Amino acid sequence: MAHPYFGVFFLVVFTAIAFIATTTLSAFVGKKLAARETEKLKLSIYECGPETSLQPNKISAQFYLYALLFILFDVEIIFMFPWAVDFKILGMFGFIEMVTFIFLLAVGFVYAWKKGALEWHSMK
Amino acid sequence: MSDTTFFVIETIVKSLIIVAVFSALAGFGTYFERKVMAFMQRRYGPMLVGPQGVLQVLADGIKLFTKEDIVPANSVPLIFKIAPVITASTAFIAMAAVPFFPSFEIMGHTVSPIVADINIGILFVLGAMAVGLYGPLLGGMASNNKWSILGAARTVVQFLSFEVITGLSLLAPIMMIGSLSLIDINNYQTEGGVAGWLIWTQPVAFFLFMIAAFAETNRTPFDLLEHEAEVVAGFATEYSGMRWGMFFIGEYANLFTVAFLVSLVFLGGFNDLGFIPGALAILLKVAFFFFVFLWVRSTWPHIRPDQLMWLCWKVLMPIAIINLLITGIVILA
């Protein structure tokens, strides 16, 4: 059967194999051509030349806040896509329902705004 | 030849053509970018390799390919190696649902130049492009470098925030059309030539989507994730050679996907434009949008991350929701 997602499946498999093969081959060619002197600092990270140590992957909590807001609003948008497709069929009833839904989310949005969640590094 | 065999061969050929053409276009995209920016800054750009420097692409390719592969100490090798592949792959997978040209006849079969004709086209394209986010995120986190982790965090925040704008701005045209398939969206604009384009009925959505497109493809006013002066090269700091090249190919492939999306949704897609046939019309539109991306890059300065977030959440999102509500009222009235 001509399944509509066959092309997607083929692209997933093909691009994964092709790109992994390209990078692996390039690494192999590079290894053959490069000067192979090993030096302590050659594999160190890009940073003024200190010896590499394991670093804690710490980032500001602000980034997590935006991720939370994203979950709030993008899940809403995914919910709105089917509504938008059937908008003309649902008519006034669907519109009022969605206005109510957007209003409830807007309340949350205004709360986040007032709380300073949208300020970068708010000192409050 | 049975229909199923033909379908399988057709799909495979189309996929191979897309990957080959857009990988090559990504290379030539860098050449055009350097040339256009050079002329805007009153220089010549690449001139030495080949006539007018055309073979610069080839030279760059050889250089990238033969460069020694460095996996930094204390990184997580497997994730470090997989991350660029994720970015490049998802950029091409997103193209599966984009109809590039009008359908044509070959050997008695009608061939439509779309790899997977799925009925949720636009949602699929946005979703697959969003998965590309994992490339910079995992690459940055696996590098064990402060610049990388900062770049990765910025990537996530920027892509996620503008994902909301992309979705909201596309909802308004979808309400008018009533379908998520890009072919239906294109056919909706068949009547009336230029006057039938959705940009005239949805100008606000068009500008919102364009702004979000700059952020989603990491182009200059919003290229905070690899802003040299602040975070060295962001998530790609530790990458070199072909692994870095994979990120690059993914970025340019996304650029072309977005240019096709804008042309299809807002600018009449591949409908015939007066005497210009549809296939040429969409190529002209895509070329124009590619030029706009370069034009903006050489015109505008970078902005700060907090300004970006301010723009996204406090300006664009309220505008997008108001645009949505006004569209709804106008359709029902």
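This is a predicted model: local features need pLDDT of at least 70, side-chain atom pairs count only at pLDDT 80 or more; totals for chains, interfaces and linings use all residues.
Across the interface of chain A and chain B, two residue pairs turn up in polar contact, both at pLDDT 80 or more.

**The A–B interface**

- On the contact count, 64 residues of chain A touch 75 residues of chain B.
- Together the two chains bury about 6300 Å², with 79% of that on carbon and sulfur atoms.
- As for salt bridges between chain A and chain B, the count is zero.

**Chain A's side of it**

- Helices H1 (6–33), H2 (61–85) and H3 (87–115) of chain A each bring at least two residues to the side that touches chain B.
- H1(A) gives the most, with 19 residues.
- By type, that side of chain A splits into 46 nonpolar, 13 polar and five charged residues.

**Salt bridges**

- Over all chains, the tally is five salt bridges.
- B:Arg297 and B:Glu33 pair up at 2.2 Å, N to O.
- B:Arg297 sits in helix H12 (residues 278–299) of chain B and B:Glu33 in helix H1 (residues 3–40) of chain B, so this pair ties together parts 264 residues apart in sequence.
- B:Glu33 is buried at 4% relative accessibility, while B:Arg297 is partly exposed at 33%.
- B:Arg34 bridges to B:Asp60, with the closest N and O atoms 3.1 Å apart; that links helix H1 of chain B to helix H2 (residues 56–66) of chain B, 26 residues apart.
- B:Arg304 and B:Asp306 form another salt bridge, at 2.9 Å between the closest N and O atoms.

Note on methods:
Residues are numbered from 1 along each chain as its sequence is written. Chains are lettered from A and ligands numbered from 1 in the order in which they are written. Side-chain values use heavy atoms; hydrogens and water are left out. Contact means heavy atoms within 4.5 Å. Buried area is the accessible area (1.4 Å probe) that two parts lose on being put together, summed over both. A salt bridge is a side-chain nitrogen of Lys or Arg within 4 Å of a carboxyl oxygen of Asp or Glu. A polar contact is a pair of N or O atoms within 3.5 Å; within protein, one must be able to donate a hydrogen and the other to accept it, and residues adjacent in sequence count only if both atoms are side-chain atoms. Helices (H or I, at least four residues) and strands (E, at least two) are DSSP runs, numbered from the N terminus. Ala, Val, Leu, Ile, Met, Phe, Trp, Tyr, Cys and Pro count as nonpolar, Asp, Glu, Lys and Arg as charged, and the others, Gly among them, as polar. Buried means under 20% relative accessible area, exposed over 50%, partly exposed in between (1.4 Å probe, protein chains only).
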